[in-house]
Amino acid sequence: MKKHSAPAATGAVQISTEQLKDQIVRHLHATLGTDVNKASPKAWWRATCAAINEQVYDGLRNTQRTHYENNTRALHYFSLEYLMGRLFSNNLHNLGLYDQAKQALGELGMNIADLEDQEEDMALGNGGLGRLAACFIDSLATLNYPAIGYGIHYEHGLFQQSFQDGKQIERPDSWREYGNPWEICRPESVQEISVYGYVETVYDLQGRMKKVWHPGRIIKGVPWDIPVVGYNGSSVNVLRLWESRASDFFNWDVFNSGGYIDAARENIEAETISKVLYPNDETDAGKELRLIQQYFFVSCSLKDIIRRYKRAHADDWSEFAKQVVIQLNDTHPAVSIPELMRILVDRAEMQWDQAWSICQQVFAYTNHTLLPEALEKWPVRLFEKVLPRHLEIIYEINRRFLLEQVDVLWPGDDEKKRKLSIIEENHEPMVRMGHLSVVGSFRVNGVAEIHSKLVKSDLFPEMVALWPDKFTNVTNGVTPRRWLKACNPKLSKLLDNHIGTAWPTDLKQLSKFAAFADDAAVQDAFMAIKQQNKAELATVVKKLTNIDIDPHAIFDIQIKRLHEYKRQHLNLLHILALYRRILQDPNYDMAPRVFLFGAKAAPGYKLAKDIIYAINKVAEKINHDKRVKNRLKVVFMPNYRVTLAEKMIPAADVSEQISTAGKEASGTGNMKLALNGAITVGTLDGANIEIAEEVGDENIAIFGLTVDEVKTLHVKGYNSADYYYNNPEIKAILDWLETDYFTPGKPGELAAIKRSLLEGGDPYLVLADFESYSKAHEKVDHWYRDKALWAKKAILNTASVGKFTSDRSIEDYVSRVWHLEKCKITKN
Ligand code: 8GP
């Protein structure tokens with residue numbers, strides 16, 4: 001007798017709870033070789049993943065067949081990073097099977113949350129750019145656009161972080177040590193790529209010159225496919241990640257000549273390419289291995305695209321640019337421009353002009369940062385060693401660009417040529433990957449209105465003069481499926497009850513919720529949910545840090561990579577100011593606050609690590625100081641990652657978005673936090689500006705210098721010491737950091753921060769913005785004491801940020817850049 005045969009939840013997948021249970025148990029038996037009464041939680045998790053995959057693979061087959069039959073134009077997203085997080089609950093939600101799986105597992109005696117915790121994060125990215133790629137592939141599948149993501153199958157993702165006496169320790173992330181149930185290896189689609197060697201010039205019988213590249217090494221790329229499930233069972237697209245291996249052919253050669261050990265070494269070297277993700281955020285790694293990583297994945301991917309294209313078109317290239325569009329996620333995949341030229345000119349023997357015309361219809365480039373240290377440049381010398389033929393092609397692209405474009409608009413202007421050249425002619429000549437990307441792409445975009453303006457005015461003004469229509473904006477977005485529906489189920493239910501269930505795919509619907517902003521019952525319900533989320537987070541905090549926090553305090557959260565421009569140290573100075581005020585005036589009146597941080601510092605970024613250490617030391621002191629009477633708590637959460645973000649964001653009251661104006665390209669954490677009802681304390685930077693426009697000035701606490709004021713101040717000459725000597729609070733706090741108050745017996749351990757702000761000149765204007773930041777916090781404190789006022793502001797934040805769904809970003813890309821058609825998936 002079957003019991004509890006509840007119908008499927010929403011979504012296209014129709015399966016009863018009973019069938020789901022049967023599938024899970026069947027996989028326990030047949031896939032895992034174990035039994036219900038002895039299976040470990042890991043085995044249960046794997047069996048459930050296998051059961052989920054039965055539904056996923058149906059969708060995958062249908063999608064691939066439908067795309068093939070319709071010969072669709074497709075987007076190819078090239079990204080060195082995908083910060084996916086976990087896929088278990090995401091896939092269940094997108095299939096519409098979460099509640100059902102919860103019930104099925106419950107009936108089998110298992111708790112779904114415990115199984116979710118069995119999964120390692122797939123942390124194949126550093127931060128913003130990588131997480132954006134993950135949101136975009138979710139939206140592409142949800143919106144039924146034919147698309148494939150290409151990247152690297154890193155053996156080790158972003159390092160795992162822990163603290164030892166407050167200092168960051170990094171350990172390797174072995175996310176797939178025991179396999180990963182979401183990926184499929186596709187040996188039938190292996191590619192081989194070449195590096196090193198030399199170029200020979202040869203002449204054919206007609207006397208035509210030809211370049212022949214004799215590579216020094218051949219490497220195999222093995223593709224792993226991760227199905228990307230659209231919401232409501234629409235399309236299932238693919239993320240294809242390449243793993244490097246030694247080429248069989250090459251190894252045999254060495255092996256046969258008696259070099260077994262050499263062959264083994266070759267193996268290791270080849271496998272190193274996909275071994276680890278570079279842990280740099282916003283800084284250029286500039287290492288040979290990094291260039292090889294970039295080339296490895298774009299070469300494998302282009303060959304894969306061409307293989308697929310040739311299935312339908314053989315050697316007829318005339319449809320290529322109609323079928324294929326490639327988005328370069330920052331300059332990291334820009335070497336695909338000379339690589340496609342090489343394939344077309346050297347391999348397909350196409351004329352240069354025709355090949356170049358194809359390239360210029362295929363590539364589009366997204367810029368994610370203006371920070372000079374992040375703008376990629378490769379020494380010509382290194383390029384010549386690793387990719388000798390590509391360097392020649394870049395020279396030719398550059399020669400024609402300078403002659404046919406630059407010299408036509410600015411005849412004889414050598415200064416313009418010097419500035420615009422793809423090759424920077426310093427004592428060490430460099431290849432400028434940003435220039436190459438702009439020249440080789442038909443469209444270039446920034447990621448928020450202000451950022452796109454600055455890309456034009458500050459980064460590439462002459463390129464804009466050459467090609468005014470090339471430049472556009474696409475403001476970032478986040479997927480509301482992961483960042484509201486899945487991570488904040490209670491708020492999602494409340495929204496369902498008040499505005500219906502269409503919002504996950506039509507986020508503008510959230511605006512209907514504004515009608516309830518003054519409704520006392522809805523305010524109570526909204527704040528009760530926030531309270532429960534905070535209580536849940538408090539349990540996590542206790543478990544991870546052993547710190548007790550009060551869920552009734554304001555939860556003030558700053559989560560993002562650690563970087564001076566993001567100014568976690570401004571937050572720290574403000575915490576110190578509050579602490580000092582409390583010590584000076586035991587009755588200092590403030591609503592209790594918990595400051596929570598989550599951030600990883602690049603392992604080689606000294607000051608970023610010093611800031612983590614300082615926050616941890618200050619936290620230790622404050623959290624144990626009885627005089628504070630629980631008005632203030634400070635927590636640095638270890639190992640911040642997508643999974644932790646999913647727990648912190650629903651619990652946030654205040655969102656810290658405090659970068660120096662002009663430095664944060666967009667931000668996406670700002671969007672996630674506002675969506676979950678947090679009130680932003682922020683500068684007029686990146687997407688904060690657009691968030692302020694949407695939520696209204698009274699529902700956000702804006703502070704600090706604007707982009708124009710920052711520029712003016714730098715021109716005028718900024719002297720941080722003025723602020724130090726004129727503001728006694730700033731002076732006292734910075735001097736405090738030099739003592740051993742926070743590091744007993746070890747004075748000076750936190751002095752690096754003071755030094756960077758005074759002797760270092762405070763490049764990110766922390767001291768200039770301090771007072772205004774402190775005032776913004778007083779305003780927030782004031783708002784919070786009026787419960788109804790706060791609830792109204794929080795509700796209006798959630799209700800007003802529908803614009804920031806990644807579905808809207810994707811539609812913007814489609815209309816401004818990609819020009820794709822939706823493809824409805826048919827079943828067979
Ligand atoms: C980030 C930007 O800093 C952030 O403002 C933006 O929201 C995000 O990209 C998505 O557009 N940039 C990066 O993550 C970045 O430049 N990373 C590369 C060095 C790896």
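**View 1. Crossing of helix 9 and helix 11 in a predicted model.** The axes of helix 9 (residues 288-313) and helix 11 (residues 336-347) come within 10 Å and cross at roughly 45°. Helices are DSSP runs of H or I with at least four residues, numbered from the N terminus.

**View 2. Residues joining helix 9 to helix 11.** Helix 9 contributes Val 298, Ser 299, Leu 302 and Ile 306, and helix 11 contributes Ser 336, Glu 339, Leu 340 and Ile 343; two residues are in contact if their C-beta atoms, placed from the backbone, lie within 7 Å.

View 3. Asp 99 is partly exposed because 17 other C-beta atoms lie within 10 Å (buried is 20 or more, exposed 12 or fewer, partly exposed in between, with C-beta atoms placed from the backbone). Thr 17 lies 9.5 Å from Asp 99, C-alpha to C-alpha, although the two are 82 residues apart in sequence.

**View 4. Confidence of the model.** The protein chain averages a pLDDT of 95, and 97% of the residues score at least 70; pLDDT is the predictor's confidence in each residue, from 0 to 100. Over residues 1-11, pLDDT stays under 50. The model scores ipTM 0.99 and pTM 0.97.

Residues are numbered from 1 along each chain as its sequence is written. In this predicted model, local features need pLDDT of at least 70 and side-chain atom pairs count only at pLDDT 80 or more, whereas totals for chains, interfaces and linings use all residues.

Conventions
Axes fitted to C-alpha atoms, helices over the stretch in contact; angles between N-to-C directions. Helix = DSSP H or I, 4+ residues; strand = E, 2+ residues; numbered from the N terminus.
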